[in-house]
Amino acid sequence: MSATDTIVAVDVVITSPGRNFVTLKITTAEGLVGWGDATLNGRELAVASYLRDHVAPLLVGRDPARIEDTWQYLYRGAYWRRGPVTMTSVGAVDLALWDIKGKATGQPVYQLLGGAVRDRILTYTHASGRDVPRLLDAIDAQRARGFLAVRAQSGVPGLGTVYGVSESGPGPGSGAGPDHARAGQGPAGRGAAPDVEIWDTDAYLRHAPEMLAAARAHVGPELKLLHDVHHRLTPGEAARLGRALEAVNLFWLEDVTPAENQEVLRHVRRHTTVPLAIGEVFNTVWECQTLITEQLIDFVRTCVTHAGGISHLRRIAALAEIWQVRLGPHGPSDISPVAMAASLHVGLSTPNFAIQEYMGYEPVVHEVFRHAWSYEDGYLHPGDEPGLGIEVDEALAARFPYEPAYLPIARRQDGSVSDW
Ligand code: GCO
Ligand code: MG
């Protein structure tokens, strides 16, 4: 890429190898291609339209080297800033431009971000079971794959399907390579409308401490155990749960409240020392500001795609570093391997990066998105290919057309809608 290179094409690739992914492809006059993930689970086409209809026409003719200027141009230039659709779109452009800069210079992106500050990236994966014995089996299966950190979720007695519990228990996996993790788990059921799950907070609060204590007793003191409450509790309930879990020694307790109102975490914090992780649904540093500067959380969970790309995730990390909050980015199977690559380049080069979530992907997803990143013995590494280290097989991608898919919604026993 010379000083005169320009963006000549901006395309949106939508593919559904088992689940929907939206991918941005930016091509330059000199033939460089950059990839960005633009997947927003259950709202995929909104981002595709934002990119196709409102962003692509603005990018053609621009200098691909001007990553920060393009970020500012799209963020401030839209006037209507923030929000998941906008920030996922900005994030996809940002990823693609970092990819191009890496390819232009022959460097992996982490080198452009200042170089490695660690040799490898600790990762956690998911284990779940309809009941506690099945959960314990699932944890064992993930430990056998080398994982040193596992998120534990189980069914709740008296309730049907609940968040985070795969129907079929521990998933496929050879034990070698990146397919070892539970793949395919996760919501976004295909169909014309969301599934409905019934939720009962009291039943959950009776069960969760017992379930996590059983997990700790089963695995011993060393394995890092995590748990995701998925935005379901009031501050008072969250404080009670945190206290009840202190002896379990969790690595983190995630999304205890919806946290749109960051201030409510003050109450939780006053009553428990359980480490708190929040932020996967946040899109900018502004939504994390109070949580970080008042040290109301221990880990910030913002995602490299949904929070405006590498450029913005680094700003969140920098603010967090001052307040000794660490990064533990969102990494479900509903962000593509392109996003995973970007998150790992940030992880390798960011001092206060703690852990990367990694659910894994179905084998066909690894074929559509070929990647230089790899998993070994509980750790991930972004690899040393120039840029993000991604090649998208567009012909294969074209064989999997988009299918409508929705995240479930939750209703309480009385029929009213609850947070899912
Ligand atoms: C996590 C998340 C996911 C989300 C999903 C929604 O911690 O991995 O909570 O499981 O529910 O990404 O699309
Ligand atoms: Mg979560």
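**Gly-164.** I started at Gly-164 in this predicted model, and found this glycine in the loop between β5 (149-154) and β6 (189-190); helices (H or I, at least four residues) and strands (E, at least two) are DSSP runs, numbered from the N terminus. Gly-164 is buried, with a relative accessible area of 14%; buried means under 20%, exposed over 50% and partly exposed in between, with a 1.4 Å probe and protein chains only. I also took the C-alpha to C-alpha distance to Ala-127: 8.7 Å in space, for 37 residues apart in sequence.

**Ground rules.** I number residues from 1 along each chain as its sequence is written, with chains lettered from A and ligands numbered from 1 in the order in which they are written. Local features need pLDDT of at least 70 and side-chain atom pairs count only at 80 or more, while totals for chains, interfaces and linings use all residues; side-chain values use heavy atoms, without hydrogens and water.

**Confidence.** pLDDT is the predictor's confidence in each residue, from 0 to 100. The protein averages 94, and 94% of the residues score at least 70. Residues 168-185 fall below 50, yet I see 59 contacts (heavy atoms within 4.5 Å) for that stretch beyond near neighbours in sequence.

**Magnesium.** Which residues hold the magnesium ion (ligand 2)? I get Asp-228 (OD), Glu-254 (OE) and Glu-280 (OE), at 1.9 to 2.2 Å. Donors are N, O and S atoms within 2.8 Å of the metal (3.2 Å for Na, K and Ca), and water is not among the atoms, so sites may look incomplete. Asp-228 sits in strand β8 (residues 224-228) and Glu-280 in the loop between β10 (276-278) and α9 (289-293), so the pair ties together parts 52 residues apart in sequence. Both Asp-228 and Glu-280 are buried.

**Ligand 1.** I count 15 residues around ligand 1, the closest being Asn-41, Tyr-163, His-230, Glu-280 and Glu-357; the cut-off is a heavy atom within 4 Å. Polar side-chain atoms lie 2.8 Å (Asn-41), 2.9 Å (Glu-254) and 3.0 Å (Asp-334) from an oxygen atom of the ligand. The protein covers 93% of the 340 Å² of accessible area that ligand 1 has on its own (Shrake-Rupley method, 1.4 Å probe).

**Thr-39.** Last stop: Thr-39, in the loop between β3 (33-37) and α1 (44-59). Thr-39 is buried, at 0% relative accessible area. Leaving aside neighbours within four places in sequence, its contacts include Phe-21, Thr-88, His-306 and Asp-334.

Methods
A polar contact is a pair of N or O atoms within 3.5 Å; within protein, one must be able to donate a hydrogen and the other to accept it, and residues adjacent in sequence count only if both atoms are side-chain atoms.
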